[in-house]
Amino acid sequence: MGSVELFIFTSQSGGCCPKCSRVFHAGGARLVLCGRTWEKLEALYDALISVTDPSMTYAPKLILLDITDISCIRDVAKEILNCYGCVDILINNASMKVKGAVQSISLELDKKIMDANYFGPITLTKAILPNMISRRTGQIVLINSIQGKIGIPFRAAYAASKHAAVGFFDCLRAEMEEFDISVSTVSPTFICSYHRQPAPGNWEASIWKFFFRKVSYGVHPVEVAEEVLATVSRRKQEVLMANPIPRAAVYIRTFFPELFFAIVASGIRENLKTEEEN
């Protein structure tokens, strides 16, 4: 693999970027790693070069980038293009989460979530896109979330940003077909650093918990990295990484929306009742 793979990730702990980077680096790709914390970038750099043969791999390039700082993204893209001349594969992996009731989340935080999960990735994509179009080749991958398909209560800003990103990249996919530019979305349920086991208790009795506690049983970063590699290799358009339960929730939301809304509403009522009892 001799192309430039560009990974975008925040300095938050966890996530799949280190594992994705390791997979592509070991495969001989040239990487540009962008993040907002230099110490974490250096740690990732050291981890990558320590486990590979330097004669068989390229040393990654590190660039500081806060994906929520929209004004600096074009300058970063220009720096990358000046350095390499082109970007063959752009992988948008930055993400920011927030949890809370709609009325408790400030509008400023809503905007920050949208910057990180929507405006940041599309700004970077638009900055790289002219180079791909002029060469009539390239690949753009968005690592998104199942919450771009279904909205889960108390995650309104996050779900809204992920829905917006899916809408943008779906449109982009159709528009880029004539230029032979592939656009892919990979949507896991939740990326976690370990495999979690169901908590004890008779939570199966609740349909709400049956659906949405299952949704939170995430996939390991290694699984995401392997799927991203497969998506790039096979130029897949859309991948939903979910076990049958959350996958069923997506279909129910699509084909039986009233049932889905009833399940969500019952879960809210149950949570409120539990809080009152406690």
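**Entry 1: a first look**

Is Arg 136 buried, partly exposed or exposed? I looked this up first: Arg 136 is partly exposed, because its relative accessible area is 46%. The cut-offs I use are under 20% relative accessible area for buried and over 50% for exposed, with partly exposed in between (1.4 Å probe, protein chains only).

Before going on, I note that this is a predicted model, in which local features need pLDDT of at least 70 and side-chain atom pairs count only at pLDDT 80 or more, while totals for chains, interfaces and linings use all residues. Residues are numbered from 1 along each chain as its sequence is written, and side-chain values use heavy atoms, with hydrogens and water left out.

**Entry 2: the overall picture**

I found nine helices and seven strands in the protein. Both are DSSP runs, numbered from the N terminus: helices are H or I with at least four residues, strands are E with at least two.

The protein has 278 residues, and 49% of them count as buried. Its accessible surface is about 13600 Å², with 55% belonging to carbon and sulfur atoms. Accessible areas come from the Shrake-Rupley method with a 1.4 Å probe; for residues, only the protein chains shown count as cover.

I also checked contacts, meaning heavy atoms within 4.5 Å. Among contacts with a separation of 6 or more, 76% are between residues 24 or more positions apart.

**Entry 3: the cores**

Which residues have the most contacts inside the largest nonpolar core? They are Ile 128, Ile 140, Phe 169 and Leu 172, in a core of 36 residues. Two or more residues each come from strand 2 (30-35), helix 3 (70-84), helix 4 (107-135), strand 5 (138-143), helix 5 (156-176) and strand 6 (181-188). Helix 4 gives the largest share, eight residues. A nonpolar core here is a set of buried Ala, Val, Leu, Ile, Met, Phe, Trp, Tyr and Cys residues joined through side-chain atoms within 4.5 Å. In soluble globular proteins, nonpolar side chains tend to be buried together.

I then followed Ile 140. Leaving aside neighbours within four places in sequence, Ile 140 is in contact with residues including Leu 90, Thr 125, Phe 169, Leu 172 and Ile 181. A second, separate core has 21 residues, among them Leu 41, Ile 143, Val 186 and Val 239.

Leu 90, one of the contacts of Ile 140, lies in strand 4 (residues 89-92). Leu 90 counts as buried because its relative accessible area is 0%. Its C-alpha atom is 10.0 Å from that of Pro 121, 31 residues apart along the chain.

Ser 187 is in strand 6 and is buried, with a relative accessible area of 3%. Not counting residues up to four places away in sequence, Ser 187 touches Asn 144, Ser 145, Ile 146, Val 239, Leu 240 and Met 241.

Thr 231 sits in helix 7 (residues 221-234). Is Thr 231 buried or exposed? Thr 231 is buried, because its relative accessibility is 0%. With residues up to four places away in sequence set aside, Thr 231 touches Gln 139, Ser 184, Val 186, Lys 236 and Val 239.

Glu 223 is also in helix 7, but is partly exposed at 33% relative accessibility.

**Entry 4: two arginines with positive phi**

Most residues other than glycine have a negative phi. I noted Arg 136, which is not a glycine and has a positive phi of about 55 degrees; Arg 136 is in the loop between helix 4 and strand 5.

Arg 235 is not a glycine either, and has a positive phi of about 55 degrees. Arg 235 is in the loop between helix 7 and strand 7 (238-241), and is partly exposed at 37% relative accessibility.

**Entry 5: cysteines**

How many disulfides does a search of the whole structure find? I got zero, where a disulfide is a pair of cysteine sulfur atoms within 2.5 Å. For Cys 72, the closest cysteine sulfur is in Cys 34, 9.8 Å away, so the two are too far for a bond. I also looked up Cys 20, which is buried at 1% relative accessibility.
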